[in-house]
Amino acid sequence: MNVIVVHADGPYHCSGALELRSADSRIIATPSEAWLCRCGLSRDKPYCDGSHAQAGLAAEPLSVGSIEPEQGAGVLRIRTRKDGPLKLEGGCEVRTEDGKVLLRGNETALCRCGSSKRKPFCDGTHREVGFEAG
Ligand code: FES
């Protein structure tokens, strides 16, 4: 199963059959594991570079989305949206570090600007804060 663990004070830890794509849909990597920035501060987006230490993410509660029945195995496509979230397509489960399921499904958008009020999900706030990323 493809799993994304939301680290309370840091990045998304993604594991499974991953396909990372750029905003123009080019495949940039097909790893089995990746640490992706969710604070918006990394200088190596979409990857985490440790900059979250300044972001204060741990103090914010996490929201719960839809939880569907167990998803079959398959590729999880993670595409960056220009100046926006990480768009996920494919079966996956999004969890907290202690195993609480926040979402199970085939499609969602995860915040990577660090400003959503519904973390880990994108709520469109990236437009208000002027988030810029390819
Ligand atoms: S990417 Fe953060 S609110 Fe959309």
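User: How many salt bridges does the structure hold?

Analyst: In this predicted model, the structure holds ten salt bridges.

User: What makes Glu107 and Lys87 a salt bridge?

Analyst: The N to O distance between the two side chains is 2.8 Å. The cut-off is a Lys or Arg side-chain nitrogen within 4 Å of a carboxyl oxygen of Asp or Glu, so the pair qualifies. Glu107 belongs to strand β8 and Lys87 to strand β7, so the bridge ties together parts that are 20 residues apart in sequence.

User: Are these two residues buried or exposed, and how do you know?

Analyst: Glu107 has a relative accessible area of 55%; exposed means over 50%, so Glu107 is exposed. Lys87 has 15%; buried means under 20%, so Lys87 is buried.

User: Which residues form salt bridges with Glu93?

Analyst: Glu93 pairs with Arg95, with the closest N and O atoms 2.6 Å apart. Glu93 also meets Arg104 in a salt bridge, again at 2.6 Å, N to O.

User: Why is Arg95 called partly exposed?

Analyst: Its relative accessibility is 25%, which falls between the 20% and 50% limits, so Arg95 counts as partly exposed. Glu93, at 4%, is buried, and Arg104, at 16%, is buried.

User: Which residues do salt bridges with shared partners join into one network?

Analyst: Glu19, Arg21, Arg77 and Glu89 are joined in this way.

User: Why is Cys92 called buried?

Analyst: Cys92 has a relative accessible area of 1%, and the limit is under 20%, so the term applies. Cys113, at 10%, is buried by the cut-off of under 20%.

User: Which residues touch the most other members of the largest nonpolar core?

Analyst: They are Ile4, Tyr12, Leu36, Ile78 and Leu88, in a core of 23 residues. Strands that each supply at least two residues of this core include β1 (3–6), β5 (33–36) and β8 (101–110). The largest share, four residues, comes from β7.

User: What is Leu36 in contact with, leaving aside neighbours within four places in sequence?

Analyst: The contacts of Leu36 are Pro11, Tyr12, Cys14, Leu20, Pro46, Tyr47, Cys48, Ile78 and Leu86.

Conventions: Residues numbered from 1 in each chain as written. Predicted model: local features only at pLDDT ≥ 70, side-chain atom pairs only at ≥ 80, totals over all residues. Heavy atoms only, no water. Core = buried A, V, L, I, M, F, W, Y, C linked by side-chain atoms within 4.5 Å. Buried < 20%, exposed > 50% of the residue type's maximum accessible area, 1.4 Å probe, protein only. Contact = heavy atoms within 4.5 Å.
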